[in-house]
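Here are my notes, as promised, for you to read with the model open. They go point by point.

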Amino acid sequence: MYNYIQHYINGQWVDSTGNETIDVINPATEQKIGEISSGTEEDLDKAVQAARDAFPAFSQTTQEERAALLDRIADEYEKRKDKFIEVIMEELGSPINFTTNVQYQMGLNHFRTAAKLVRDFAFTEQRENSFIQKDAIGVAGLITPWNFPTNQASTKLASAFAAGSTVVLKPSTETPFAAVLLTEVFEAAGVPKGVFNLVNGTGSTIGNGISNHPNIDFVSFTGSGGVGTKIMENGAQDIKKVSLELGGKSPIVVLDDADVDYAAKTAISNIAGNTGQVCTAGTRALVPESMHDDFIQAIKNHISEYPVGDPKDESTFTGPQVSEDQWKTVQDYIQKGLDSEATLVTGGAGKPEGLETGYYSKLTVFTNVKPEDTIAQEEIFGPVLSIITYKDLDEAIDIANGTIYGLAGYVVGNDPEALTKTARSLRSGRIVVNNEKADFTAPFGGFGQSGIGREWGDYGIEEFLEPKTIVGLPS
C-alpha cells in the first residue's frame, strides 16, 4: 500500500491541516492501492508562501548552478527507474513495456534536455540601444493530468527550474504516487527548500485555489478543455499568465502511395498505446477511397498484434482505462458510434473476454465515419479509431483541419512533395511524418482549443520567463 497523507512544503513532509483522504485505485485490479491527503486552502497557502520566500534567491542562481541541479535530478531519477516503473504500472495500469520505454523515459529526457539547453540559453540580448533581460516569472502553479504521470510533471518542472522559477505542483488524484517519487528525487538532488512544493488534493479545492491564488504568477495546466476554460476565467481576475495543454482529435493522413500494412499498424498503435489515453493520439484515420478495403483488411490482419491485458504481462500492449468513470465515458462513445451510421470493424462495447475485472475496453475501429460524426469530432480518450475516406489530398487536408482541436497530426506516405504539402498544411502544433521519433528540444503545444503556449525544450523554458527591456543602459 502506498500511503502518503502528507504534503511536501518548504523542504519537508508536513501533515495536512485537514483530515480527509482520497483513495487511489489500481485500474487493472479495481483494488485500493493507497491513499493521499485531500489538501486544504490553508495547505496551499503555506506552499505558495514557501515558494514566494524561496524565489528571490533561486531566481538569482547562475545558469550553471541550475544546469548542475537538473543534472543531479536526472541522476537521482535514473537511480529510481524500477520504482518509477512499478508505481506507474500500479496507479495508471500502464503496461510494463510502455511504462519502461515511454512513461519512465520521457520524464528523464525532459530533465536531461533542460540541463543541456539552460547552459547556453540566452537570458540577455543587446538589440541596438536596448538591453533585453529575461527574468524568471515568479511562483508557478503546476496542475498535471493522470495519463503521463512523469512526462507531464517533468516537462513543466524541468523548464521551471531551468528558468529560475519556484513551483507548487498539484498532480492528479488518480496517479499521485509518481509525483511523490519525484519529490524524493528532488530531495536527494538537493533542490533548495521552497523551490518545489507538492500539495495533493481535489481540483475543486487545490486546482481552483492555484488558478485563483493572488501570489501565484503563472499557471501551467495540462488536462481537459472544460477545466482549461475555468483556469482562464480564474486567472483573468488578476491577469495571471496561463499556459494550457488541452485535448486533441488528431488525424492520420494516409497518402495514396503509403504502404497499407504500415499505415494500418500506425493507426492501431495510435489508439492502443497508453490505452488511447493520449492527447496527441491519432484517432481519425483519413484514407483514400481507393485504399479503403485494403486498409480495413490490414486493420483486421494486425489488430491481434496489440493485445489488451494485464499491465505486468510483457506481451500486453494495451492496459485498462485509468478509472471506472473513464471506462464509462469510453463505452458511451462506443455506443454512440454503434448508434450512428458508421460500420464496426472490430471491438465494440463491453470488456474483452476474460478481462471482467479491471477497467478494460476493446480496441475498437469504426469505418464509414462521417467527418461531422460525434466520434470523429469529440475527444474520446480511449482505444477508438474512426476511419474516414477522402477523394483527393485537398479534401483530406480540409477534413483533417475540420475540428476545434489542433494538437497533433500524422502523415504516412512516400512522395516527398505530398508529405511536405500535407504536413505544412495541417493546423496542428506537432506533425509526425512516417513515425519519426520525438525531438525533446522542439516545442510541444496546440492550435485552437488544444491550448495556449508551448512546452518542451527552450520554448518550454520561455514560458517561465518574462522579458524586460532596458533602454539607454550605460555601456
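1. Is Gly-190 buried, partly exposed or exposed? With a relative accessible area of 41%, Gly-190 is partly exposed, because that value falls between the 20% cut-off for buried and the 50% cut-off for exposed. Keep in mind as you read on that this is a predicted model.

2. Where does Gly-190 sit? You'll find Gly-190 in the loop between helix 6 and strand 10 (196-198). Setting aside its neighbours within four places in sequence, Gly-190 is in contact with Leu-69 and Arg-72.

3. Helix 2 (residues 63-79) and helix 6 (residues 177-189) have axes 8 Å apart and pack at an angle of about 125 degrees. The crossing of the two helices is right-handed. Sorted by class, the contact of helix 2 with helix 6 has eight nonpolar residues, two charged and no polar.

4. Now for helix 9 (residues 260-272) and helix 10 (residues 292-302), whose axes come within 9 Å and cross at roughly 60 degrees. Helix 9 is therefore oblique to helix 10. Their crossing is right-handed. Helix 9 supplies Val-260, Asp-261, Ala-263, Ala-264, Lys-265, Ala-267 and Ile-268 to the contact, and helix 10 supplies Asp-294, Phe-295, Ala-298, Ile-299 and His-302. By class, the residues in the contact of helix 9 with helix 10 are eight nonpolar, one polar and three charged.

5. An unreviewed UniProt entry places the feature "active site" at Glu-245. In the model, Glu-245 is in strand 12 (residues 241-245). Glu-245 counts as buried because its relative accessibility is 3%, and the cut-off is under 20%. Not counting residues up to four places away in sequence, what does Glu-245 touch? The list is Gln-152, Phe-221, Thr-222, Gly-223, Cys-279, Leu-407, Phe-444, Ser-450 and Glu-455.

Notes:
Residues are numbered from 1 along each chain as its sequence is written. This is a predicted model: local features need pLDDT of at least 70, side-chain atom pairs count only at pLDDT 80 or more; totals for chains, interfaces and linings use all residues. Side-chain values use heavy atoms; hydrogens and water are left out. UniProt positions are given in the numbering used here, feature names are shortened, and annotations may be inferred rather than shown by experiment. Helices (H or I, at least four residues) and strands (E, at least two) are DSSP runs, numbered from the N terminus. Buried means under 20% relative accessible area, exposed over 50%, partly exposed in between (1.4 Å probe, protein chains only). Contact means heavy atoms within 4.5 Å. Axes are lines fitted to C-alpha atoms, for helices over the stretch in contact, and angles run from 0 to 180 degrees between N-to-C directions. Angles under 35 degrees count as roughly parallel, over 145 as roughly antiparallel, 65 to 115 as roughly perpendicular and the rest as oblique. A crossing is left-handed if the near helix is turned anticlockwise from the far one by less than a right angle, and right-handed if clockwise. Ala, Val, Leu, Ile, Met, Phe, Trp, Tyr, Cys and Pro count as nonpolar, Asp, Glu, Lys and Arg as charged, and the others, Gly among them, as polar.
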